[in-house]
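Please walk through this structure one part at a time. The paragraphs below take the core, then the sheet, then single elements.

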Amino acid sequence: MPEGVNTDISVAAPGRLGWIFGSSRSGSTWLLRMLAGLERVIPIDDPHLGHHLGVWRPIPLAWATAKDPPKLGTLADFKRRKRDYLFSDRYREHWMPRLRELISARFEAQAAEDIAEAGGIEDPIVVVKEPGSHAADTIMELFPDSCLIFLLRDGRDVVDSWLDAYRDGSWATDEGAYPLDDAGRPALIRWQSSVWLHRTEVVQQTYARTDPKRRVLVRYEELRTNPVTELARICETIGIESAEGQLEQIAAANEFSRVPDARKGAGREIRRAKPGGWAAHMSREEIIAMHEILARKLDELGYLRPGDIPTKRVA
């Protein structure tokens, strides 16, 4: 570490940690990139914390093989009352403080490197993007003084984005995805619909329990239309004052049109910005199957429009 640079940071302290919750493929990478343009922000991109705390149950194979439509949950949902389960509620007061220390130490080590590289950061705040939102309730309980940024996007565009990721040469194949056979599309659509629904409901419940001064709800669609306004709302929540014109500069520098063509489009991590593409990329039957899972929540959130759901063909 450079001499004279203070790299100490406690992410458990008030005003030192913020989370971007919601869903993967929701524009969270874009949002984190913009927030990282603020001098005080130390970004941590997708640490998969929630996947360690919340292993999915049943496994995704169930959406292709189950007799009846599965209801998605996590291992903790089924095991938390069992004495021998590692994260048993019976011993919660013992493992929660140690888990908080582990996560804090890990994030603080990364933050210290960034602070040192910058030659020092005054009043730094770590912002963690999409750590696995199905564990948002546990994460916010671990860090009760942290801030919650709820980035909400139409679940149909999220499902559509994941369909695109499961193709030959996709960015996601380096992270465990694979080229999808056409026969597997309906099961993946039902699975990813269930994932978006579960995560959205967990974050909604966690958001409702969080101090209004430490939470902000941002819709991707509004962030895309008015990025400066939405960034200002986030900055107010996490306690950052931006210089005059700074948010405008950050938003302009991160416009989708500025991304080189070779780095965006089908099969790329930066795919498309315009909402609503799902309607052109799925069959009639796939759209119906997706809405069987998502329609009620989409309607509640104001996303469902007349004509979105095709009528089923009569045999």
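The largest nonpolar core holds 63 residues, and Trp19, Phe21, Val126, Trp196 and Met282 have the most contacts inside it. A nonpolar core here is a set of buried Ala, Val, Leu, Ile, Met, Phe, Trp, Tyr and Cys residues joined through side-chain atoms within 4.5 Å; buried means under 20% relative accessible area, exposed over 50%, and partly exposed in between, with a 1.4 Å probe and protein chains only. Helix H8 gives the most to this core, with nine residues. Apart from it lies another core, of 24 residues, among them Trp30, Met34, Leu38 and Ile238.

This is a predicted model, in which local features need pLDDT of at least 70 and side-chain atom pairs count only at pLDDT 80 or more, while totals for chains, interfaces and linings use all residues. Residues are numbered from 1 along each chain as its sequence is written, and side-chain values use heavy atoms, with hydrogens and water left out.

Next comes the sheet. Five strands form an open sheet in the order S2-S5-S1-S6-S7, with parallel pairing; strands (E, at least two residues) and helices (H or I, at least four) are DSSP runs numbered from the N terminus, and two strands pair if DSSP finds at least two bridges between them. Strand S2 (41-45) and strand S7 (215-219) stand at the edges with a single partner strand each, so one side of each has no neighbour in the sheet. From one strand to the next, the twist averages 20°. S2 is joined to strand S5 (residues 125-129) by five bridges, and the two run parallel. Ile42 has Val126 in S5 as its bridge partner.

Two helices can be followed against this sheet. Helix H1 (residues 28-35) packs on it, touching strand S1 (17-21), S2, S5 and strand S6 (147-152), and its direction makes about 165° with that of S5. Contact means heavy atoms within 4.5 Å; axes are lines fitted to C-alpha atoms, for helices over the stretch in contact, and angles run from 0 to 180 degrees between N-to-C directions. H8 also packs on the sheet, touching S1, S6 and S7, and its direction makes about 145° with that of S6.

Helix H13 (residues 284-300) bends by about 60° at Leu294, the bend being the angle between axes fitted to the seven residues ending there and the seven starting there. Its buried residues include Ile287, Met290 and Leu294, and what covers the buried residues of H13 includes helix H7 (155-165), H8 and helix H12 (278-281).
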